[in-house]
Amino acid sequence: MADEKVAVLGAGSWGTAVANVLADNGVSTVIWGRDASVLKSIQQEHRNKKYCPDMSLNPALRADSELDAVLTQCNIIVSAIPTQEIRNVLGPVGKRLTGKWIVNASKGIEEGTHLRISEIFKQIAPGAPYLVLSGPSFAKEVLARQPTAVTAASKDLAMAQTVQKLFSAPYFRVYRSTDVVGVELGGALKNVIAIATGIAAGVGFGYNAQAAIINRGVAEILRMGRRLGADPMTFLGLAGMGDLILTCTGSLSRNRRLGEGLGAGRKLDEVSKALGGVAEGAHTTKAVYEIARKQGIDMPITEQIYRILYEDQPIKKALTDLMSRDLKEEWEGALL
């Protein structure tokens, strides 16, 4: 591990947290971003003054704005770039990724193409070994070095074992998996359910309603996962239930906060502006809804969130539609 040189792409709060874990582990790590002021504060003051100003960073963590140089110098590339931007940022420099290990730390599904992130990288960097790192992990708590556990999934077990050791720290425990599809879907789909849970809270519903949405959300995730070839057990793990519970209930969850704002009667643009940008779950909702319609997957919560976000469906109408659906078996269509 001492010979590994890692580049973390994306200097937001999560990219900074991931990079800091590696630096804490003594791994040679450089973080890349496009905001010169952010990179300067990381390099000179050992803190990210824009995204996490109260958190001190490991002094060994370096920052660089030259993408070509960063990709050339490092043999492991960690992408913490928002899903909808990955192709724009890395597509033009895809050849630079040849021979590199790709570790994806983002969550979501690409709009329009409906591709998971591993499938995006398969187009951008054909043949590059790929791993996805996912699980219940708020950046602020990782930066505070609070106990966190995640999953590293790769079809290459040796790669999963190596990355597992690279990232594991006294406060950051990494489990390994070979179910890339399941881990990616769990990380993406939980954001849709978090919006729904936030909406329920925003309109004033209590814990009964929120628990019901989370649990019925599991059924939807299982249905899509089953259709797309995931291992159902993955959705009981850190990248499934773990991340779902955190994102649906945690006050630091952008997707839950988006839902809370919508539930309080505010419009998507207004809530997004307050959040500092559109939460990833809004993009994922559109992609998942379109996949479900195309493949005939029953995902009623996702459908109603789509209608609220993109068709101005009144929230009261959405809730009525959900509660008045035909009665059925609890796990119908979700399990083998």
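Ala23 is located in helix H1, which spans residues 13-24; helices (H or I, at least four residues) and strands (E, at least two) are taken as DSSP runs and numbered from the N terminus. The model is a predicted one, in which local features need pLDDT of at least 70 and side-chain atom pairs count only at pLDDT 80 or more, while totals for chains, interfaces and linings use all residues. Residues are numbered from 1 along each chain as its sequence is written, and side-chain values use heavy atoms, with hydrogens and water left out.

With a relative accessible area of 6%, Ala23 is buried; the term buried applies under 20% relative accessible area, exposed over 50%, and partly exposed in between (1.4 Å probe, protein chains only). When neighbours within four places in sequence are set aside, the contacts of Ala23 are Thr29, Asn58 and Leu61, contact being defined as heavy atoms within 4.5 Å. The C-alpha atoms of Ala23 and Asn58 lie 6.2 Å apart, although 35 residues separate the two in sequence.

Two helix pairs were examined. Two packed helices are described by the angle between their axes and the distance between the axes. Axes are lines fitted to C-alpha atoms, for helices over the stretch in contact, and angles run from 0 to 180 degrees between N-to-C directions. Angles under 35 degrees count as roughly parallel, over 145 as roughly antiparallel, 65 to 115 as roughly perpendicular and the rest as oblique.

In the pair formed by helix H8 (residues 180-202) and helix H9 (residues 207-228), the axes come within 9 Å and cross at roughly 150 degrees. H8 and H9 are therefore roughly antiparallel to each other. The crossing of H8 past H9 is right-handed; a crossing has this hand if the near helix is turned clockwise from the far one by less than a right angle, and is left-handed if the turn is anticlockwise. On the H8 side, the contact involves Val181, Leu185, Leu189, Lys190, Ile193, Ala196, Thr197, Ala200 and Ala201. The H9 side contributes Gln210, Ile213, Ile214, Gly217, Ile221, Met224, Gly225 and Leu228. Of the residues in the contact of H8 with H9, 12 are nonpolar, four polar and one charged. In this classification Ala, Val, Leu, Ile, Met, Phe, Trp, Tyr, Cys and Pro count as nonpolar, Asp, Glu, Lys and Arg as charged, and the others, Gly among them, as polar.

Helix H11 (residues 254-263) packs against helix H12 (residues 268-275) at an angle of about 140 degrees, and their axes are 9 Å apart. H11 is thus oblique to H12. The H11 and H12 crossing is right-handed. Arg254, Arg257, Leu258, Gly261 and Leu262 of H11 make the contact with Leu268, Val271 and Leu275 of H12. This contact of H11 with H12 comprises five nonpolar, one polar and two charged residues.

Side chains of opposite charge can pair when their charged atoms come close. A salt bridge is counted where a side-chain nitrogen of Lys or Arg is within 4 Å of a carboxyl oxygen of Asp or Glu, and the count by this rule is 17 salt bridges. One of these joins the side chains of Arg116 and Glu119, at 3.4 Å from N to O. Arg116 is buried at 13% relative accessibility, whereas Glu119 is partly exposed, at 28%. Another salt bridge pairs Arg266 with Glu270, at 3.5 Å from N to O. Arg266 has a relative accessible area of 32% and is partly exposed; Glu270 is also partly exposed, with 44%.

A further salt bridge connects the side chains of Lys328 and Asp298, at 3.5 Å from N to O. This pair links distant parts of the chain, 30 residues apart: Lys328 lies in the segment after helix H15 (315-323), and Asp298 in the loop between helix H13 (280-295) and helix H14 (300-310). Lys328 is partly exposed at 39% relative accessibility, and Asp298 is partly exposed at 30%.

His46 is partly exposed, at 25% relative accessibility. The relative accessible area of Arg145 is 30%, and the residue is partly exposed.
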